[in-house]
Amino acid sequence: MVGLPARGKSYTARRIERYLSWLGYRTGVFNVGEYRRARVGAQLPHSFFDPDNLHGEEARRAAAMAALEDMVVWLTDEGQVAIYDATNTTRAEIRCDDPTIIEANIRSTKLSSPDYADTDPEEAVIDFRARIAHYQRVYQPLGDDEGAYLRVTGAGRGVTVSNVDGYLAGRLVFFLMNLHLTARPIWLTRHGESVYNAAGLLGGDPDLTPDGARYAQSLTEFLDRRDPDRSGVVIWTSALRRAIQTAAPLGRSAWAWRALDEIDAGICDGMSYAQIQEHLPEEYAARKRDKFTYRYPRGESYQDIILRLDPMIIELERTRKPVLVIAHNAVLRALYAYFQGVSRERCPYLPIPLHTVIELLPLKPRLDSSGAL
Ligand code: F6P
């Protein structure tokens, strides 16, 4: 990460970390501000950040080197992607020149950083602006000779890509181009109870039961309360009947995505867990042993679901309106894990009950770890 303070670097770093971890890359963030606080404490005045303050300069350099060393050790050991989260203002940017965004960023994140614990908010803003000014004096914008970079300006309004090469780097560009800061909820719900749910059977393409149809009515009441003018919500369903039937009474147009279909149970589709245990005991035991990687014969694993949901995540990130997703147990576990930062391996065990709406509110720029170097 490269850029002046309060440009959203730490926020972006955490978003990248969450996305790549969810996709299965071992990803770590090394935040130099945290190293600096651990070494010399928080609550240092802006003069500490003045490039002419030799003591401050040395302490910040030492913190930066300690983070860098840990990062290199981690990368040679177990890590696959490391994000070095510091200002890095000299030659070595998330760029943002919009004063209103910078001001809002200072107020919403920096004031609750440990650097300003118990400090009067107005005084803290003044001090933080002075801190930025110190960085600005020595700030060198990115040059085209510095290797690959992606520059995001004005909270995603402009994106410049230079020398980016390779699959993962390309994915990251695509992901970052779709991030925005518009706050809106995402609602996740399973379809109403299906005939298979009532019979304890997996998969299939069954219809709703009368109880399931009643849930679809309750969901309509919920949505009418949240979206009284019936225009502001995007509705997505899977392509399966039970999800489409749950959306039918909503009285709004819905998009059906095959990518949201339930886990394909392959040869076990239409069976109950007890039947699988009785007739296919080895499959039953293998799934019990490692539910995340286990793939049903001629079907899917949770790992497979995450891969097919990747484009859905980009669409969800990109959409600025509230979104209601009507889907299924396994698929919603994977989406929930992404939004809540739950590890991939734990996702098959998350409880996503029937007849329940899960409301996800946007990830706010988190405050405590974001102090700038
Ligand atoms: O039982 C409902 C259901 O959606 C099945 O269609 C699906 O196979 C199952 O849940 C997924 O849950 P688990 O991975 O815990 O078996």
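Rings of Phe, Tyr and Trp (its six-membered ring) make a pair when their centres lie within 6.5 Å; planes under 30 degrees apart are stacked, over 60 edge-to-face, and the rest tilted. With that in hand, a search of the whole structure turns up ten aromatic pairs. This is a predicted model, so local features need pLDDT of at least 70 and side-chain atom pairs count only at pLDDT 80 or more, while totals for chains, interfaces and linings use all residues. Residues are numbered from 1 along each chain as its sequence is written, and side-chain values use heavy atoms, with hydrogens and water left out.

**Aromatic rings**
- Trp-22 and Tyr-338 pair up edge-to-face, at 5.4 Å centre to centre and 70° between the planes.
- Both Trp-22 and Tyr-338 are buried (buried means under 20% relative accessible area, exposed over 50%, partly exposed in between, with a 1.4 Å probe and protein chains only).
- Ring pairs also tie Tyr-19, Trp-22, Phe-175, Tyr-338 and Phe-339 into a cluster.

**Helix α12 with helix α13**
- Helices (H or I, at least four residues) are DSSP runs, numbered from the N terminus.
- The axes of α12 (residues 302-318) and α13 (residues 329-340) come within 9 Å and cross at roughly 60°; axes are lines fitted to C-alpha atoms, for helices over the stretch in contact, and angles run from 0 to 180 degrees between N-to-C directions.
- That makes α12 oblique to α13 (under 35 degrees is roughly parallel, over 145 roughly antiparallel, 65 to 115 roughly perpendicular, and the rest oblique).
- Residues in the contact (heavy atoms within 4.5 Å) include Tyr-302, Ile-305 and Leu-309 of α12, and Ala-330, Tyr-338 and Phe-339 of α13.
- Sorted by type, the residues of this contact are twelve nonpolar, no polar and three charged (Ala, Val, Leu, Ile, Met, Phe, Trp, Tyr, Cys and Pro count as nonpolar, Asp, Glu, Lys and Arg as charged, and the others, Gly among them, as polar).

**Helix α1 with helix α6**
- The axes of α1 (residues 9-23) and α6 (residues 167-178) come within 11 Å and cross at roughly 125°, so α1 and α6 are oblique to each other.
- Thr-12, Arg-15, Ile-16, Tyr-19, Leu-20 and Leu-23 in α1 meet Leu-168, Arg-171, Leu-172, Phe-175 and Leu-176 in α6.
- That contact splits into eight nonpolar, one polar and two charged residues.

**Two loop residues with positive phi**
- Asp-118, which isn't a glycine, has a positive phi near 60°; Asp-118 sits in the loop between α4 (99-108) and α5 (121-138) and is exposed, with a relative accessible area of 85%.
- Arg-298 also has a positive phi near 60°, lies in the loop between α11 (281-289) and α12, and is exposed at 74% relative accessible area.
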